[in-house]
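Open the model in your viewer and keep the selection tool ready. This tour goes stop by stop, with a few words on what is there.

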Amino acid sequence: MQPVSLREKFAQFQEHWSPKTVGELNGQSVRLVKFQGEFVWHHHETEDEMFLVVQGRFRMDFRDRACWLEAGEFIIVPRGVEHRPVAEEEVQVLLFEPVTTVNTGNAGGALTAPTTHL
C-alpha cells in the first residue's frame with residue numbers, strides 16, 4: 001500500500017503500444033501505455049476497457065465515428081466494439097481493464113504485447 005507516481009512510472013519506459021501493469025485490484029489491471037501513430041483495428045470479446053489520458057491527446061476511431069480525448073478525459077469502450085486508438089504525437093494513457101486483456105484483442109499480430117509489470 002504505497003502511492004504510485006504516474007510521472008515516475010511513465011519515465012521508466014519509452015516504447016509505444018506496450019502496456020505496463022502498475023497495479024491490480026479485483027481482477028482488474030491498472031496499466032500505463034504510450035501511444036504514437038495508428039494502432040490496429042480490434043475488439044475484445046469479453047472485456048470492457050477504460051482509457052484515461054494522462055498527458056497529450058489522441059483520437060479513438062470507431063467504425064461509425066471518431067472522438068478526441070484530451071488530458072484528464074476518459075472513455076470506456078464496451079466489449080465487442082471495434083476500435084482503434086490513433087495519436088499524432090506521443091500520448092500517455094492509463095488503462096483500466098481485466099487482467100486477461102490482450103492489447104490487440106481479436107486482431108493479434110506484431111503489436112501484441114506481453115504483460116509486463118513495473
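## Stop 1: charges over rings

Select R57 and W68: R57 lies over the face of W68, 3.9 Å from the ring centre. Next, select R63 and W41. Here R63 lies over the face of W41, at 3.8 Å from the ring centre. A charge counts as sitting over a ring if NZ of Lys or CZ of Arg is within 6 Å of the ring centre and within 35 degrees of the ring normal.

Two notes before moving on. This is a predicted model, in which local features need pLDDT of at least 70 and side-chain atom pairs count only at pLDDT 80 or more, while totals for chains, interfaces and linings use all residues. Residues are numbered from 1 along each chain as its sequence is written, and side-chain values use heavy atoms, with hydrogens and water left out.

## Stop 2: the aromatic rings

A pair of aromatic rings is described by the distance of the centres and the angle of the planes. Rings of Phe, Tyr and Trp (its six-membered ring) pair if their centres lie within 6.5 Å; planes under 30 degrees apart are stacked, over 60 edge-to-face, and the rest tilted. By this rule there are six aromatic pairs.

Select W17 and F39. They form a stacked pair, 4.7 Å centre to centre with 25° between the planes. W17 lies in the loop between α1 (6-11) and β1 (20-25), and F39 in the loop between β2 (28-38) and β3 (49-55), so the pair ties together parts that are 22 residues apart in sequence. Helices (H or I, at least four residues) and strands (E, at least two) are DSSP runs, numbered from the N terminus.

Are W17 and F39 buried or exposed? Both are buried. Buried means under 20% relative accessible area, exposed over 50%, and partly exposed in between (1.4 Å probe, protein chains only).

Now select F51 and F58. Their ring centres are 6.2 Å apart and their planes stand at 50°, so this pair is tilted. F51 is buried at 3% relative accessibility. F58 is buried too, at 0%. Show W17, F35, F39, F51 and F58 together: ring pairs link them into a cluster.

## Stop 3

Select residues 83-98, which make up strand β7. How many of its 16 residues are buried? The count is 12, which leaves β7 mostly covered.

Two strands pair if DSSP finds at least two bridges between them. Take the partners of β7 in turn:

- β2 pairs with β7 in the antiparallel sense over 10 bridges. Find L32 opposite L94, and V33 with its bridge partner V93.
- β3 runs antiparallel to β7, joined by five bridges. L52 has L94 as its bridge partner.
- β4 (residues 57-62) also runs antiparallel to β7, with four bridges. M60 has P85 as its bridge partner.

## Stop 4: the β1-β2 hairpin

Move to β1 and β2. They run antiparallel and are joined by five bridges. G23 stands opposite V30. Two residues separate the strands of this hairpin, and N26 sits in the turn.

Most residues other than glycine have a negative phi, and most peptide bonds are trans. N26 has a positive phi of about 50° although it is not a glycine. N26 is exposed, with a relative accessible area of 76%.

Go back to W17 for another positive phi, about 65°, again not at a glycine. W17 is buried, at 8% relative accessibility.

## Stop 5: the cavities

Rolling a probe the size of a water molecule over the atoms shows where empty space is left. On a 1 Å grid over the protein atoms alone, a cavity is a set of points where a 1.4 Å probe fits but cannot get out; lining residues have an atom within 4 Å of a point. Grid points are joined across faces, edges and corners, and a volume is the space filled by probe spheres set on the points. The whole structure has two cavities of 30 Å³ or more.

Of its 13 lining residues, select F35, F39, F51, L95 and N103, the closest to its centre. Which strand gives the most to this lining? β7 does, with four residues.

The second largest cavity holds about 70 Å³. Its lining includes P19, R31, E97 and N103.

Conventions:
On a 1 Å grid over the protein atoms alone, a cavity is a set of points where a 1.4 Å probe fits but cannot get out, and a pocket is an open set with protein on both sides within 12 Å along at least five of seven lines; lining residues have an atom within 4 Å of a point.
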